[in-house]
Amino acid sequence: MSTSSRLRLGATALTLASLVLAAAACGGTTRENSGDSGGGAPVGGAADPDAPLRSGLKIAFLPKQVNNPYFTTADNGGKDAVTEVRGEFKEVGPSEASASSQVSYINTLSQQGMDVIVTSANDPNAICGALTQAKAAGAKIVTFDSDTKPECRQVFVNQVTAQGIAENQVKLIAGQIGGAGEIAILSATANATNQNTWIGLMKEELKKPEYARIKLVTVAYGNDDDQKSFQETQGLLQAYPDLKGIVSPTTVGVAAAARYLSGSQYKGRVKLTGLGTPNQMREYVKDGTVDAFALWNPADLGYLAAYAGAALASGQISGAEGEKFKAGKLGEFTVGKDGTVVLGPPTVFDKTNIDQFQF
Ligand code: RAM
């Protein structure tokens with residue numbers, strides 16, 4: 001081997017080592033299981049719905065953040081699907097949901113030769129460069145939960161249509177505050193693609209005549225951080241003494257807001273709804289802080305995203321509208337406009353049904 005190629009190899013090893021170190025320094029984690037290593041036929045050309053699923057696919061999940069029970073459940077659903085297709089599952093990610101914190105993870109996954117990267121984006125633009133490079137290196141890119149710009153991935157697996165979430169959230173809070181009064185939104189990070197899309201549509205929804213007596217006074221950002229969300233809730237109640245309700249379309253935010261309200265003079269008087277996990281919200285539903293909230297099944301979302309990735313990497317689909325693929329126990333799905341696949345409608349949880357759900 002020539003000195004220059006040895007140097008090049010050395011430099012690559014150094015780059016890889018520093019990427020791994022950088023990822024570790026961000027406080028993230030890695031989890032993996034090994035599946036069948038037998039590879040399938042090489043993929044190329046147009047999508048073939050009858051192509052067999054390749055085995056041994058390396059499928060990595062990169063959530064917005066790793067220390068969030070929502071993503072733990074979602075990624076475990078992904079792991080189940082990867083096991084079913086006899087692939088290799090891996091989960092990596094930052095501990096903080098910030099715009100660019102996912103970039104170093106994508107670069108590392110790409111260098112590790114992943115067949116599929118499944119990610120929930122903290123920002124629609126910040127990870128596009130890294131994803132485009134990963135695509136060029138041969139990975140199929142599936143966004144789930146929170147999208148990038150469409151050109152940065154092949155398929156987006158959406159939990160519920162954004163319109164469906166907006167209607168659900170506005171209907172819940174309107175019912176809880178008796179159709180009139182000031183409300184605020186407690187969101188996740190300011191750049192989150194999913195929350196920003198839902199909030200935009202909630203504002204449209206609030207223009208309907210039946211909501212004319214409801215006024216959205218502000219949107220606060222808890223950054224999908226428990227402490228920050230707790231403090232933002234306190235701040236909202238101090239700044240808006242007439243506040244009648246809070247909508248928090250983030251599992252981190254709604255749980256922190258519920259904890260604040262349940263220990264305050266506002267418990268039961270200021271209404272709170274949003275998107276939460278039953279396990280995190282159960283005690284607040286039982287103690288009367290929260291009447292009802294909603295969510296989809298995060299495990300099914302991760303499961304569907306993994307199957308979409310396997311279908312892409314096996315050449316069954318390319319991400320074009322109208323293509324169909326099978327997602328194990330969830331059945332058949334069709335790719336819609338802009339490469340979007342929708343899981344299904346949300347579930348509303350209240351004291352009558354919450355004990356039936358464990359996630
Ligand atoms: C948080 C995240 C996630 C969102 C859920 C509802 O866990 O912000 O992206 O879909 O809440």
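## Terms and basis

Angles under 35 degrees count as roughly parallel, those over 145 as roughly antiparallel, those from 65 to 115 as roughly perpendicular, and the rest as oblique. The axes are lines fitted to C-alpha atoms, for helices over the stretch in contact, and the angles run from 0 to 180 degrees between N-to-C directions. Helices are DSSP runs of H or I with at least four residues, numbered from the N terminus.

The model is a predicted one, in which local features need pLDDT of at least 70 and side-chain atom pairs count only at pLDDT 80 or more, while totals for chains, interfaces and linings use all residues. Residues are numbered from 1 along each chain as its sequence is written, and side-chain values use heavy atoms, with hydrogens and water left out.

## Helices α8 and α9

Helix α8 (residues 251–262) packs with helix α9 (residues 278–286) at an angle of about 25°, their axes being 10 Å apart, and the two are therefore roughly parallel to each other. Their crossing is left-handed, meaning that the near helix is turned anticlockwise from the far one by less than a right angle (clockwise would be right-handed).

On the α8 side, Thr251, Val254, Ala255, Ala258, Arg259 and Ser262 meet Gln280, Met281 and Tyr284 of α9, where contact means heavy atoms within 4.5 Å. By class, this contact of α8 with α9 has 5 nonpolar, 3 polar and 1 charged residues; Ala, Val, Leu, Ile, Met, Phe, Trp, Tyr, Cys and Pro count as nonpolar, Asp, Glu, Lys and Arg as charged, and the others, Gly among them, as polar.

## Helices α7 and α8

The axis of helix α7 (residues 226–239) comes within 8 Å of the axis of α8, and the two cross at roughly 55°, which makes α7 oblique to α8. The contact draws on residues of α7 including Phe230, Thr233 and Leu237, and on residues of α8 including Ala256, Arg259 and Tyr260, and by class it has 7 nonpolar, 5 polar and 2 charged residues. In this pair the crossing is right-handed.

## Helices α3 and α4

For helix α3 (residues 103–111) and helix α4 (residues 128–136), the axes come within 9 Å and cross at roughly 5°, so that α3 is roughly parallel to α4. Val103, Ile106, Asn107 and Ser110 of α3 make the contact with Ala130, Leu131, Gln133 and Ala134 of α4, which by class has 5 nonpolar, 3 polar and no charged residues.

## Ligand surroundings

A polar side-chain atom of aspartate 145 lies 2.5 Å from an oxygen atom of the ligand, that of asparagine 194 lies 2.9 Å from a ligand oxygen atom, and that of tyrosine 70 lies 3.5 Å from one.

Conventions
Polar contact = N/O pair within 3.5 Å; in protein donor to acceptor, adjacent residues only side chain to side chain.
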